[in-house]
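Hello,

Here is the structure you will be working with. Please look through it first, then read the notes below.

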Amino acid sequence: MIPIWLCIPFAGLLLCVAILPLVKGEWWESHQPWVVAFWSLLFIIPFAFTQGFEVASETIVECIFNDYLTFIILLFGLFCVAGNISVEGDLVGSPRVNTLILGIGTLLSSIIGTTGASMLLIRPIIKMNSWRTRRSHIMIFFIFLISNMGGCLTPIGDPPLLMGFMRGVPFEWSLNLLPVLLFNMVILLTVFYFLDRDNYRKDIAEGNMPDISKAGTEFKFLGAHNILFILMIVVAVVLSGSLTNVPALNNGLHIGNVVFPFTSIIEIAIILIAAFLSFKTTSKDIRVKNHFGWGAIKEVAVLFIGIFITMQPALMILKSVGPNLGITKAWQMFWTTGALSSFLDNTPTYLVFFTTAGTLGFTSGIATTAGIITTKILMAISCGAVFMGAGTYIGNAPNFMVKSIAHENGIRMPGFFGYMLWSVCFLVPVFLLDTLIFFL
């Protein structure tokens, strides 16, 4: 059994992410790699002493190659390709337009993934609202809806659902979550509209007036061919999940006792080719118009390698105790999977409770490799993992990326705990309604 005190470095790193940007902003920006290295070593060295060097080395290599590398390459590819797409025109960031964009983006997330939709739409919505001073709430609801909830309708939408698909859940099964998504969208988009309208009026009252004389008369989509490269990346992700059924591709490069499968290598190769072709075929002027820079992806790459490494003991403990927690009801699955997905990677969290549900002895429902799981239980696990990834900046891959890009563009985003306050105030009431209506 992994001692619980080995989770201290993970908690320490999260506290640094939450507190240091507020109290030592400049120091934090220049010393992030050293802070990440400190907490990572503070976990690795005691872990090697208590569990043995071989176990420790295998755990770290497995984490870096089979978890972190595919994660960061996917983010990098979508970041590069989306940065080569520019939307120009006279659309003004009004409450109606912003609400419409959030609604369309939420549904788009299930087609090209939450990360793809987030990277595609984040810069256009920032541009449309560049004249406003009160913009952070737009980014927060963007994370709630486009970066998280919208990915629930297909296995392409969010990695946890892809893992379910790979374990026997039918591809179209995720459409069962459509009523829950539509219910949440109606509530959150309505709340957002009135919140944005209030801030919009305050901006105008202070003299921040957009030029609406030509609004809606001109609209240009520059670098549109890059949509093909986004679809290329989506295909790479789907192939990686589908090809796991091919025995020959489950083999791969051996790094000690860890296998880096050919499926992951193929996925990474396709994504990097897509990013390369995107840069080669797109004018630099488009990236200049987008204020494209590498700061956001660098920050995410540095912070998340530390998060992936230091969260290993928490995941190990969860895997060992998950089946014995006595969690058997849909509402329990929804809240436990969701709460843990807000702080841990939602994919392994989903798999823990997916496997647990498969051992509960159901005789009717969805036949998976883990066992038969009822539709209601599987809905609860899926919604918990996908929806509650919005609970913190680290709950889902695009959350922190959106926050970093917004910050680069002069939008003052709340800190770690400040964002959590928003999620508690606006998301928790919606999740309570979800519980009462769908999961009891």
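In which helix do tyrosine 68 and phenylalanine 71 lie, and how many residues apart are they? Both are in helix H3, three residues apart, which is about one turn of the helix. Helices here are DSSP runs of H or I with at least four residues, numbered from the N terminus.

Before the rest, two notes on the source. This is a predicted model, in which local features need pLDDT of at least 70 and side-chain atom pairs count only at pLDDT 80 or more, while totals for chains, interfaces and linings use all residues. Residues are numbered from 1 along each chain as its sequence is written, and side-chain values use heavy atoms, with hydrogens and water left out.

The structure holds 32 aromatic pairs. Rings of Phe, Tyr and Trp (its six-membered ring) pair if their centres lie within 6.5 Å; planes under 30 degrees apart are stacked, over 60 edge-to-face, and the rest tilted. Tyrosine 68 and phenylalanine 71 make a tilted pair, 6.3 Å centre to centre with 40° between the planes.

Phenylalanine 71 is buried at 14% relative accessibility (buried means under 20% relative accessible area, exposed over 50%, partly exposed in between, with a 1.4 Å probe and protein chains only). The ring of phenylalanine 71 also pairs with that of phenylalanine 304, tilted because the planes are at 40°, with centres 5.3 Å apart. This pair links distant parts of the chain, since phenylalanine 304 is in helix H12 (residues 295–310), 233 residues from phenylalanine 71. Phenylalanine 304 is buried too, at 3%.

Regards

How values were computed:
Helices (H or I, at least four residues) and strands (E, at least two) are DSSP runs, numbered from the N terminus.
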